[in-house]
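Please read them with the structure open.

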Amino acid sequence: MLTQEQNDMLTRVGPGTPAGELMRRYWQPIAAMEDLKDKWSIPVRLLGEDLVLFRNRQGRLGLLDRHCPHRRASLVNGIPTDEGIRCPYHGWAFGNDGQCLEQPNEPEGSSFCQKIKTKAYKVEELGGMIWAYMGPDPAPLLPRVDGFVEPGTVRMMGRTVIPINWLQAMENSLDPVHTEWLHGHLYEFVKEQENVKVAISAPHAKIAFKEFEYGITKHRLLVGQSEDSDDWQVGHPIMFPNTLSVGNGDENSRYYAFQIRVPVDDTHTLHIWYTAYVPPADANVPAHLTDRLHTYEVPIYDENGDYIVDNVDGQDMMAWISQGAIADRTIENLGSTDQGIAAYRRMLRREIKKVEAGEDPMCVFRDAVQNERIDLPNEKKKHHNSDGMKSWLMRTHMRYSPILDDLVELYEPSTPSPLATKAG
């Protein structure tokens with residue numbers, strides 16, 4: 001268990017907090033480019049700060065404090081300019097760098113605007129997503145991780161804001177054993193009347209964790225598996241500090257899958273599922289599948305307000321929310337299967353100390369050659385995918401994707417449309 005002080009250190013993310021300062025050393029995804037397709041600006045809340053994401057008349061992205069420093073009106077309904085955005089209340093204009101450029105109605109020749117600058121953060125696009133950096137200069141490079149730069153993929157981004165602290169979602173990724181129960185036996189219980197059985201309920205013989213240059217790899221050996229299996233030999237990575245990579249390396253059904261736990265504030269997390277599918281070599285891929293990032297919302301509750309627990313991601317969210325807005329780690333009792341969680345907490349404390357000492361934490365990229373493409377380890381023959389592509393898609397967040405039919409058709413063209421079964 002942790003002390004209250006230790007729990008606060010790892011969970012609180014506002015300005016000046018240990019974990020908040022750590023997270024500000026990394027680029028965080030905040031939106032999709034599609035979100036600004038028909039809008040000039042949208043509200044964003046990140047690491048406890050209220051911001052406005054916008055594009056100016058030249059198409060450049062900007063990210064400023066949401067409230068105008070004049071009388072604190074919101075810039076979300078601001079007027080775009082060539083250089084930035086203008087406050088709708090009194091017309092004060094700001095550049096993308098936060099500098100006040102104009103103050104209508106101030107005396108002619110006044111230099112007051114030169115003294116006013118609002119908070120501004122860096123933003124970049126990668127993989128159809130918009131990323132923000134809120135830390136000190138010089139900013140590191142936005143990591144060009146494999147699935148975000150792989151050409152010709154079908155890209156999807158599911159998302160939801162969960163009323164929990166980021167850490168309990170992230171610790172879930174260091175807990176292999178929960179899969180056989182939460183995603184296996186619970187799902188089989190929910191589908192008991194249909195006598196459904198799934199590969200993911202296979203019991204674990206042993207688990208292991210290894211630190212590597214980008215974080216921690218998670219390994220599992222299931223009962224009946226050979227130690228030569230990819231699940232045990234390769235594993236899949238947790239990319240420090242807040243990303244799980246859990247795709248499929250098999251060239252016949254290759255996809256890159258990421259779960260990114262973005263801290264909105266202490267008690268809310270923007271959960272992003274980003275998946276990039278590599279179409280089969282002989283597939284006829286319609287142009288509309290690859291010309292943009294397809295976005296969708298992932299629900300937590302059904303129409304009755306009950307948790308949705310007939311899919312993997314709904315099961316995860318139910319478990320996380322049930323721990324409370326910020327899990328009380330002072331009264332938990334870790335067992336032998338929680339070794340990965342303990343290792344991750346030690347890593348967090350170690351990297352926080354680096355930031356406090358003025359050093360770069362791990363997984364911060366400044367070498368352009370290294371950052372050309374960052375390839376992460378990935379299993380090719382995952383036991384949990386052995387039920388087939390359609391079965392896996394329908395038991396995850398991807399069932400809510402607007403291009404689900406198209407995706408199934410790419411990989412299993414003889415399979416009937418799954419839409420008729422979505423409600424069940």
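1. An open sheet of eight strands has mixed pairing and the order S12-S13-S14-S15-S16-S17-S11-S18. Helices (H or I, at least four residues) and strands (E, at least two) are DSSP runs, numbered from the N terminus, and two strands pair if DSSP finds at least two bridges between them. Strand S12 (204–212) and strand S18 (294–297) are at the edges with a single partner strand each, so one side of each is left without a neighbour in the sheet. On average, neighbouring strands of this sheet are turned by 20 degrees against each other, direction ignored; axes are lines fitted to C-alpha atoms, for helices over the stretch in contact, and angles run from 0 to 180 degrees between N-to-C directions.

2. This is a predicted model, in which local features need pLDDT of at least 70 and side-chain atom pairs count only at pLDDT 80 or more, while totals for chains, interfaces and linings use all residues. Residues are numbered from 1 along each chain as its sequence is written, and side-chain values use heavy atoms, with hydrogens and water left out.

3. Within the sheet, strand S13 (residues 215–222) and strand S14 (residues 236–239) run antiparallel and are joined by four bridges. Thr-217 stands opposite Pro-237 in S14.

4. Asn-242 is placed in the loop between S14 and strand S15 (243–245). With 4% relative accessibility, Asn-242 counts as buried; buried means under 20% relative accessible area, exposed over 50%, and partly exposed in between (1.4 Å probe, protein chains only). The side chains of Asn-242 and Gln-28 are joined by a polar contact of 3.0 Å. A polar contact is a pair of N or O atoms within 3.5 Å; within protein, one must be able to donate a hydrogen and the other to accept it, and residues adjacent in sequence count only if both atoms are side-chain atoms.

5. Strand S3 (residues 49–55) has five of its seven residues buried, so it is largely enclosed by the rest of the structure. Strand S2 (residues 41–46) pairs with S3 in the antiparallel sense over six bridges, and Val-44 stands opposite Leu-51 in S3. The hairpin of S2 and S3 has two residues between the strands, and Leu-47 there takes a positive phi near 50 degrees.

6. S3 also runs antiparallel to strand S4 (residues 61–65), with five bridges joining them. Leu-53 stands opposite Leu-63 in S4. In the hairpin of S3 and S4, with five residues between the strands, Gly-59 takes a positive phi near 90 degrees.

7. Rings of Phe, Tyr and Trp (its six-membered ring) pair if their centres lie within 6.5 Å; planes under 30 degrees apart count as stacked, over 60 as edge-to-face and the rest as tilted. By this rule there are twelve aromatic pairs. Trp-27 and Tyr-133 have ring centres 5.6 Å apart and planes at 40 degrees, so the pair is tilted. Trp-27 lies in the loop between helix H2 (18–23) and strand S1 (28–32) and Tyr-133 in strand S10 (residues 129–133), so the pair ties together parts that are 106 residues apart in sequence. Both Trp-27 and Tyr-133 are buried.

8. Phe-212 and Tyr-214 form an edge-to-face aromatic pair, 5.7 Å centre to centre with 75 degrees between the planes. Ring pairs also link Trp-131, Phe-148, Phe-258 and Tyr-274 into a cluster.
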